[in-house]
Amino acid sequence: MFRMHPDELLLDQLKQRVPAAYAIFVDRFETPLYRFFLSDHRDHHLAQEQTAETFAQLVRTLPTMRGSYGQLRAFVFATARHIQLRRWRQPKQRPVPLAEAIHVNDPGPSPAALAAAREQMERALGAISRLDQAPRNVLLLRFVEECSIEEIAEILEMPVGTVKSHIHRGRSQLQAILAEQECKP
């Protein structure tokens with residue numbers, strides 16, 4: 001008797017809109033999607049909104065997905081990329097004045113416990129944010145979300161060689177940006 005691999009069974013159940021399968025699906029992809037969005041703009045609330053919007057879009061589109069479970073991750077991040085592009089096309093919101101922002105509570109761990117890690121992460125994300133869109137997305141997908149080069153090519157709809165070029169150039173640019181930051185007092 002033919003037995004379906006558990007991941008293929010999950011995809012089959014997602015396509016049939018089985019609620020329990022969606023619970024597993026959310027458990028697997030919620031944190032990576034949130035990280036993807038947060039790494040792009042460092043706005044906790046917007047990252048949560050975009051993650052939820054991505055899942056809403058996936059609920060509508062997963063039943064029509066073609067391919068096997070091996071393509072699911074690329075399908076998920078391609079959907080996230082489209083959500084991300086939609087945000088970039090929207091007009092920019094004005095920054096909140098510090099006097100208003102001071103009353104917002106941080107739901108995460110205390111800053112004292114994470115100060116060194118946060119400073120290092122901010123420095124890296126700040127450097128990544130200075131890159132052009134294509135190398136920035138490639139580096140975020142490769143090193144934050146740990147996608148394979150082939151997955152990145154599928155997500156960003158570009159040839160594998162172009163992805164490799166963006167990784168190489170992006171890393172070189174990041175080294176230069178970080179070295180420049182080190183020289184500043």
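Q: What counts as a polar contact here?
A: It is a pair of N or O atoms within 3.5 Å, where, within protein, one must be able to donate a hydrogen and the other to accept it, and residues adjacent in sequence count only if both atoms are side-chain atoms. This is a predicted model, in which local features need pLDDT of at least 70 and side-chain atom pairs count only at pLDDT 80 or more, while totals for chains, interfaces and linings use all residues. Residues are numbered from 1 along each chain as its sequence is written, and side-chain values use heavy atoms, with hydrogens and water left out.

Q: OK, which side chain does the glutamine 50 side chain make a polar contact with?
A: That of histidine 41, at 2.6 Å.

Q: What else is it in contact with?
A: Leaving aside neighbours within four places in sequence, glutamine 50 is in contact (heavy atoms within 4.5 Å) with Phe37, His41, Ile83, Gln84 and Arg87.

Q: Switching topic, which residues of α8 and α9 meet?
A: Ile149, Ile152 and Ala153 of α8 meet Val160, Val163, Lys164 and Ile167 of α9.

Q: How do those axes cross?
A: The axes of α8 (residues 149-156) and α9 (residues 160-183), which are lines fitted to C-alpha atoms over the stretch in contact, come within 9 Å and cross at roughly 105°, on a scale from 0 to 180 degrees between N-to-C directions. The two helices are therefore roughly perpendicular (65 to 115 degrees).

Definitions and conventions: Helices (H or I, at least four residues) and strands (E, at least two) are DSSP runs, numbered from the N terminus. Angles under 35 degrees count as roughly parallel, over 145 as roughly antiparallel, 65 to 115 as roughly perpendicular and the rest as oblique.
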